[in-house]
Amino acid sequence: MTRFKRYVPPILLISPSLILMGIFVYYLIFGSVQLSTTSIHTFPQFTGARPHENVGIGNYLDLLGSEDFRHSLKNLLLYTVLFIVGTMFFGFLWAWLLDRRSKAEGIFRSLYLFPMAVSSVAAGVVWRWLLNANQGQRASGLNRLFQTVGLGFLENGWTTSVDFGIAAIAMPAIWQMSGYVMALFLAGFRGIPNELREAARVDGAKEWQIYRHVLFPQLSPVALSALIILGHMSLKVFDLIVSVTDYRVYTTKAPAVDMANYMNGGDYATAAAIGIILLLVVLVLIVPYLIHTAREDRQ
Amino acid sequence: MRRTRILAALGAAALLVGTAACGTDDESTSGSDNTGDTTSATEVEVFTWWTAGSEALGLEQLQGVLTEKYPDVEFINGGITQGGGSGKDLLQTRLAAGQPPDTFQVHAGKEAQDYIDAGQVEDVTDLYEKFGLNGVFPQDLIDMLTQDGKIYTIPSNVHRANVLWAAIPVLEAAGLPTDNAYFASVDDFIAALEKIKTATPDIVPLSVGGTWCQVHLLETILIAELGAEGYNGLFDGSTDWNGANVTTALTKFAKLMSFTNIDRDSFDWEPPMQMLLDGKAAFNVMGDWVPALLDSNDLVAGTDYLYAPSPGTEGIYDFLADSFSRTVGAPHKAGAEAWLDVISSVEGQTAFNKVKGSIPARTDIDLSSFSEYQQSAADSFKSDAIVGSIQHGAAATIQQGNATNDAVSKFTTSSMDADALAALQAALAAAYAG
Amino acid sequence: MTTTALTGHFETKQPTVQMPGRRFDWGRLLRYALLLFFLIVVLIPVYVLFVTSFKAVGDADPSRAWMLPQEWTLENWKVALLGSNSGAYGKIFPVLPALGRTLAMVVPAAIISSFLGSMNGFVLARWRFPYANVVFTLILFGMFIPYQAVMVPLYRIVIDLQQSWLHLQPGIQSLALLHIIYGIPITTLIFRNYYQSVPQELMEAARVDGAGMIRTYVSVVLPISVPSFVVVLIWQFTSAWNDFLFASFFGGNAETQAPVTVTLNAIAHGSMMTNYGVSMSAALLASLPTLVIYILLGKYFIGGLMSGSVKG
């Protein structure tokens, strides 16, 4: 009885959120799953003016069998790895540099965060210019800058490479998000009670040992949230791609762009299937996290 | 629908807290709530992607004519720009969700096909009679808009896609003549590009922008190589996309692409055109919305730049047009009809096109106050064979246009070798099959 | 060097024992050099935005990205701020009123979803109930919903809400609602992880005192939540401010109802002919409020940290 009473308030507190998630997430996902098993590939079929049928997992097989969609998936994988590694690296490095109570910390912090304030629409306009593919005499953008500062060997075609074009898109993404990861880590560093560090020091621990055994373990929840936040942004990468290149540029296609393109052509079933494939990818990635959480609870 | 309502009510209940706080930031929505349940005949919600620039000014002109002709019809602008410059995604979502605007903008021709097939736009053949449009639009244009004896959209303005623009100082520097001698065929044009490349290696012979500009270029090559009839046949099955003449056209397209700027994919059309103005490029194939940019740079036709039908397309008018429809289930039918009257009227087309730089679809409008370019374009529009643009929705459905863009981008970002070319041709054939 | 770093930490906590370094500190110099280097790298694109915003038509071109304006002009800023209704570039929506509308949307959205996230995070981390992990997973998963693929049914729901007794207005009200809802997963995640890093003893102490859940939340949890609130508010403010996908579907009338990203997009992509100078000024104007928030909240960031860690 007391137990039950204890559980009522938290459940009440969380239920508005749950109801909203039920409608705005699960009801919509359910609809998508249904849609993805139909042959609704044109507007007339969507509105019911032309017939459609149930095709089971046919759309999924078509997608996975298509060279172009595999290209998009490969791009997504490459982008995700670069984006997450790059953002975590710079975010941590900056937080670490700033954690030592620098003078003018506020200015550095605000300016490092600034790119996040620039919307993708705006970032796209300027990065389009920076990632200009011209080299040598006609070079502009970053290639021109590289020449000027004596790093001419870094010149390259950026988004024009079929295999690595997407890597160029990761640059503005890292530029935008590193500041946020810095903020997370900074908050993480500062959230660690000073007594912990002091105690370690009193025990004669070296600075790196303090990081290894005191700070890093404390930071792991922060790192995990950063990973999940970055991961969800990465899977949905869309705004940035279409504003730096365009919806139809082959070298920089990604699943979310394909999804928008299929929707634009009235192919709602294939678009829904892509959405569900992305969700399945998320499930695969999120399982380790859940196992980790469950293990933590048992302790 | 019912189920969503129940869910929505549940959601609303869950949201009491949230919206109580939100209610304070009431925005001035002064009746322009586009979801209003009122079914009064005294308004019309017009959905366009003319939300900026001279297009938006032109829209205001049309609004002015509406107020004059139909003082009791209130104009509501449902327009928006989404990525890539149109609001099609929102439009399609609204249509699919059963919340249609009264009338919406669509490229005249095949782009309207999906809306017709989906039963989302009404037959407006009767309005052509009522407004007396049958005699005043060119017959070629009306034929192209007619499907099984019915017409579904009314055009407001016409642009020409197949125009070649050239920078005179650059031509002179390369020792090329500045008359139209080498525009007679694509081969002549390629020879001219070769000369520029040899004479002035620092100059980009042919500048081009991103994927849509490349498709735009490709369609003019197809027109040149296949002729008006052969080109039109691509869309009704009488010309084979797998044919040898298409292969030739694609080969020449690949050749032309080899003369272009490699940074093309990061541009819309303006920076490549700016290269001509800056003396960094010689030629560009682009639609006739270019003069606005040239004018704003104080350049003069004949001394600074010249324009001509794109190579090999003399006597053919590759058209694209904006048009409006009447939506099935439109809340304000009378308003939609008033709007269609306005955009097809002499007053409406005069006021709109003067500002936008396009030409009226009507051929009975006095053009003496229009620009010199507009007058010459209008003359061609009357006398030339008219074909429809692929990129701009006149000849290709939305899906076909999308597939063309995908295939062309895949091709032009590759090494453009024989295999890639075969893949391009196969993809195009598949896109237009059936 | 290790010692300096050590005292460096100590000093800020107890300013009275502060002792200026006696010998030249190379580590410190290196640190500042690095910070400065990264600052320059980060500001490179901003430089391009900035100089281009002062360039005249024709001068504002990608090939001249690095050059200073041939002639500095404020015209672009004027046009971006107040709009324009004539000239070769025709109609340009003003950014200024759009900034006001966006602020009215983002502030309540960020605050409400932060509180929802904080309550959820508290319950899920420290006042648990059976299957709390399952519930957490269900909420977290909402973060990954592919918006593009669900736009049609989502649109239907929002229209229903607009036509229901709620009379939700298109534009900022509808958008605020969506940002609140789709902000729940991420705010919950951040708060839950933060509360999990807070020593359990704090809550236990309150529990021993016999405090109920709400009282524990208000008197113990909220006061130590400031750092996380700052991080979450920054996140929610920024993502709602910069959102374009929802804005373009639910923003209502582009000129009178929609938030600033829609205005910006209309300026940058809305017309056949783009004015790059005005686009860049508009882009900077649209980013300014967020920057101001970063600077303002930065102070509370420190303050919050102090109050949070002193009691540790």
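**View 1. Chain A and chain B bury about 3,200 Å² between them in this predicted model.** Carbon and sulfur atoms account for 54% of that buried area. On the side of chain A, the residues that lose the most area to chain B are Tyr27(A), Phe43(A) and Arg248(A), which together make up 19% of what that side buries. The contact draws on 38 residues from chain A and 36 residues from chain B.

**View 2. Salt bridges and polar contacts link chain A to chain B.** Five salt bridges are counted between the two chains. One of them joins the side chains of Lys253(A) and Asp406(B), with an N to O distance of 2.7 Å. Polar contact is found for 17 residue pairs across the interface of chain A and chain B, both residues of each pair being at pLDDT 80 or more.

**View 3. Several helices of chain A supply residues to the side that touches chain B.** Helix 1 (2-36), helix 2 (43-47), helix 4 (67-99) and helix 12 (255-264) of chain A each contribute at least two residues to this side. Helix 1 of chain A gives the largest share, six residues. Sorted by class, the side of chain A that touches chain B comprises 17 nonpolar, 13 polar and eight charged residues.

**View 4. Chain B is assigned two domains, domain 1 and domain 2.** Domain 1 of chain B covers 41-159 + 320-378, and domain 2 of chain B covers 163-318 + 389-432. Their C-alpha centres are 28 Å apart. In the contact between them, 17 residues of domain 1 of chain B meet 17 residues of domain 2 of chain B.

**View 5. Domain 1 and domain 2 of chain B bury about 1,500 Å² between them.** Of this area, 59% comes from carbon and sulfur atoms. Lys110(B), Leu320(B) and Tyr373(B) supply 43% of the area that domain 1 of chain B buries against domain 2 of chain B, more than any other three residues.

**View 6. The interface of domain 1 and domain 2 of chain B has polar contacts but zero salt bridges.** Six residue pairs are in polar contact across this interface, with both residues at pLDDT 80 or more. On the side of domain 1 of chain B that touches domain 2 of chain B, the elements giving two or more residues are helix 5 (113-117), strand 6 (154-160) and helix 16 (372-383) of chain B. The residues of this side of domain 1 of chain B divide into seven nonpolar, seven polar and three charged.

Key
Residues numbered from 1 in each chain as written. Chains lettered and ligands numbered in written order. Predicted model: local features only at pLDDT ≥ 70, side-chain atom pairs only at ≥ 80, totals over all residues. Heavy atoms only, no water. Contact = heavy atoms within 4.5 Å. Buried area = accessible area lost by both parts, 1.4 Å probe. Salt bridge = Lys/Arg side-chain N within 4 Å of Asp/Glu carboxyl O. Polar contact = N/O pair within 3.5 Å; in protein donor to acceptor, adjacent residues only side chain to side chain. Helix = DSSP H or I, 4+ residues; strand = E, 2+ residues; numbered from the N terminus. Nonpolar A, V, L, I, M, F, W, Y, C, P; charged D, E, K, R; others polar. Domains from an automatic or database assignment.
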